[in-house]
Amino acid sequence: AARWVAAACAVAMLVSWGIGEGTRRLSNDLVITFLDVGQGDAALVRFPGDRTLLIDGGPGRPDGFDAGRFVVAPFLWRRGTTRLDVVAVTHPETDHAGGLPSVVRLFRPREIWTARPLEDNPVTRRLARAAREVGATVRILRAGERPMEADDCTVDVLWPPADTDGLLPNERSLVLRIGRGDRAALLTGDLEKQGEAGLLASGVDWEPDLLKVGHHGG
């Protein structure tokens, strides 16, 4: 019972950032909602026309609490979402990827974005199985790619580079720039000092209006 109460409270504590007109209209706004999943990350991006991108799914273990099932899923159902277009996993750690297998099975995304093959890590092997079950296409992304472009909205990959030798797992986090017009949000996974330095040195002109700081502010 305590877990259900905690989940309900977590779903209620959301922070949203929108780019669009003052009046919310489903077809016109770009809205990013950050969900409180405890020690972990989960953010839903809703594009004009109601296309959806979920970035990470909070913590989850087969024998423990699953934020994907008890926090992310109820939030999506509440807003009327029955299927996701894309799920992105920034890196293979339980507090980011643990809740995603449940989300994938429940919301059957068309694509899954990752910076590393899902089979390479025990944490994301469960996600790989879920992807196969629902027929989702897995895309391995690198800096310089633009995996989504719709209307005047874009999603650009700023990190990791093609060569990740010498980088620790957190430093290989998938970093996404989500833009509309001249405004942008930057979501950095668990990027730490080395990755941040590499990102700055890459010369990418990003200057975001909204920054999701890496590694929970660590």
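This is a predicted model: local features need pLDDT of at least 70, side-chain atom pairs count only at pLDDT 80 or more; totals for chains, interfaces and linings use all residues.
Residues are numbered from 1 along each chain as its sequence is written, and side-chain values use heavy atoms, with hydrogens and water left out.

**View 1. Helix α4 (residues 100-107) and its cover.** Because six of its eight residues are buried, α4 is largely enclosed by the rest of the structure. The buried residues are Leu100, Pro101, Ser102, Val103, Val104 and Phe107, where buried means under 20% relative accessible area with a 1.4 Å probe, protein chains only. Their cover includes the strands β4 (52-55), β5 (86-89) and β6 (111-114) together with the helices α2 (67-78), α3 (94-97) and α5 (122-134); helices (H or I, at least four residues) and strands (E, at least two) are DSSP runs, numbered from the N terminus. Just after α4, Arg108 takes a positive phi of about 40°.

**View 2. The packing of α2 against α4.** The two helices α2 and α4 pack at an angle of about 35°, with their axes 8 Å apart, the axes being lines fitted to C-alpha atoms over the stretch in contact and the angles running from 0 to 180 degrees between N-to-C directions. Gly68, Arg69, Val72, Ala73, Leu76 and Trp77 of α2 meet Ser102, Val103, Leu106 and Phe107 of α4, contact meaning heavy atoms within 4.5 Å.

**View 3. The packing of α4 against α5.** The axes of α4 and α5 come within 8 Å and cross at roughly 5°. That angle makes α4 roughly parallel to α5, a description that applies to angles under 35 degrees. From α4 the contact involves Leu100, Pro101, Val104 and Arg105, and from α5 it involves Arg126, Leu127, Arg129, Ala130, Ala131, Glu133 and Val134.

**View 4. The largest nonpolar core around Leu54.** Of the 26 residues in this core, Leu54, Val72, Leu84 and Ile112 touch the most other members; a nonpolar core is a set of buried Ala, Val, Leu, Ile, Met, Phe, Trp, Tyr and Cys residues joined through side-chain atoms within 4.5 Å. The elements that give two or more residues to the core are α2, β5, α4 and α5, and α2 gives the most, with six residues. Leaving aside residues up to four places away in sequence, Leu54 touches Ala43, Leu44, Val72, Leu84, Val86, Val87, Ala88, Leu100 and Val103.

How values were computed
Buried means under 20% relative accessible area, exposed over 50%, partly exposed in between (1.4 Å probe, protein chains only). Angles under 35 degrees count as roughly parallel, over 145 as roughly antiparallel, 65 to 115 as roughly perpendicular and the rest as oblique.
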